[in-house]
Amino acid sequence: MAAPLTSAPLTSAPLTPARRSAYALIATDLDGTLLRGDDTFSDRSLLALTRVTDAGARHLVVTGRPAPRVRPLLEHLRGRGLAVCGQGAQLYDAGTDRLLWSVTLDRELAETALGKIEAEVGQVYAAVDQDGVDGLTLIEPGYRMPHPTLPALRVERRDDLWCAPISKVLLRHPDLSDDELAATARSVVGSLATVTMSGPGTVELQPCGITKATGLALAAEHLGVGPADTVAFGDMPNDVPMFDWAGYGVAMANAHPELKAVADEVTTSNEDDGVAVVLERLFL
C-alpha cells in the first residue's frame with residue numbers, strides 16, 4: 001500500500017447527483033469509524049452514504065458486533081442487503097433476517113485457550129457472543145462491557161458461557177493494556193483461535209483463520225465485486241486484514257497506530273465525519 005495520506009476536512013457538497021467512482025464497494029467498520037461515541041450516525045455521514053449508494057455503489061458494514069447487535073443499526077442505514085458481522089464469522093442478510101454463512105468457535109477450544117492465557121497473565125474476565133440472529137451476549141462476573149449501551153446477560157459462573165454455540169469470546173484483564181493482553185494471547189493460543197483487538201477494552205478470540213477479510217471477501221463475491229473495486233474504512237488492528245484485502249484502506253484520525261501504519265490514507269476522526277469526508281471527495 002502507498003504511504004498514508006491525511007484528508008483535509010470538506011464542507012458538505014450541495015445536493016447534486018453523485019458521480020461515478022473507481023470504487024463499487026464501500027466497506028465500513030462501525031465502532032470508532034462510522035459510529036460516533038454515542039452510538040449514533042451523523043446526518044452528514046448518512047447523507048453521504050445515501051448519495052453514493054443512490055449512484056450505484058454498495059455499502060457494506062464490516063464489524064465485530066454480532067448480527068443481533070447490528071440489526072437495529074442497519075435500519076438507520078437503510079440496510080436491506082448484506083453485512084459482515086462477528087469479526088467475519090457471520091454473513092448476515094438484513095432483507096431476510098438470516099445468516100447466509102456462519103462459523104462458530106469450538107467451546108472446548110475456547111476454554112483451552114482461556115486456560116493458556118490465564119496461565120501467563122493471571123485471571124481474565126470473559127464474555128461470549130452466541131451464534132445466530134437472536135444470539136445473546138453473556139458476561140461472567142467481573143466482566144465490564146466496553147459499550148454500556150449494548151445489551152448483555154450476566155451469568156453466575158464461567159461454565160454458563162458455554163451453554164450454546166458461540167461466535168467469539170471477549171476478554172478483559174484488570175491490569176494489562178489491550179495491546180499487552182492481545183500480544184500475550186497470540187503468543188500462547190496458537191491455532192486454537194484467532195486473536196484480535198477491535199476497540200478499547202476489547203480483545204477477542206474467534207474461530208481460527210477467520211478475520212474481517214474472510215467475511216468481506218465472501219460478501220464481495222456474492223456482490224460480484226473484487227478487491228480493486230473496494231475502499232475500506234476502519235480504526236483498529238482487527239481492520240488490518242480488511243485493509244490488506246481491499247484496494248484502498250482509509251484509517252480514522254482516532255485509529256490505532258498499527259492500522260494507520262498500513263493505511264493508504266488517514267481521514268478525520270469518527271466524531272468529525274471522517275468517512276463522509278472521503279466519500280464526498282471520491283463520489284460527490
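**Helix packing and sheets in a predicted model**

Biologist: At what angle do the axes of helix 4 and helix 5 cross?

Modeller: The axes of helix 4 (residues 107-121) and helix 5 (residues 178-189) come within 9 Å. Helices (H or I, at least four residues) and strands (E, at least two) are DSSP runs, numbered from the N terminus. Axes are lines fitted to C-alpha atoms, for helices over the stretch in contact, with angles from 0 to 180 degrees between N-to-C directions. The two axes cross at roughly 120°.

Biologist: What are the ground rules for this model?

Modeller: The model is predicted, with local features needing pLDDT of at least 70 and side-chain atom pairs counting only at pLDDT 80 or more, while totals for chains, interfaces and linings use all residues. Residues are numbered from 1 along each chain as its sequence is written, and side-chain values use heavy atoms, leaving out hydrogens and water.

Biologist: Are helix 4 and helix 5 oblique or roughly parallel to each other?

Modeller: Angles under 35 degrees count as roughly parallel, over 145 as roughly antiparallel, 65 to 115 as roughly perpendicular and the rest as oblique. The crossing is at roughly 120°. Helix 4 and helix 5 are therefore oblique.

Biologist: Which residues of helix 5 make the contact?

Modeller: Contact means heavy atoms within 4.5 Å. Helix 4 brings Ala113, Lys116, Ile117, Glu120 and Val121. Helix 5 answers with Leu181, Thr184, Ala185, Val188 and Val189.

Biologist: Which strands of its sheet does helix 4 touch?

Modeller: An open sheet of six strands, with mixed pairing, has the order 8-7-6-9-11-10. Strands pair if DSSP finds at least two bridges between them. Helix 4 packs on this sheet at about 15° to strand 9 (166-172). The strands touched are strand 6, strand 9 and strand 11 (202-206).

Biologist: Which residue in strand 12 stands opposite Ala27?

Modeller: Another open sheet has eight strands in the order 5-4-3-2-1-12-13-14. Strand 1 (residues 25-28) and strand 12 (residues 230-234) run parallel, joined by four bridges. Opposite Ala27 stands Ala232.

Biologist: What angle does helix 6 make with strand 3?

Modeller: Helix 6 covers residues 212-223. This helix lies across strand 1, strand 2, strand 3, strand 4 and strand 5. To strand 3, helix 6 runs at about 165°.
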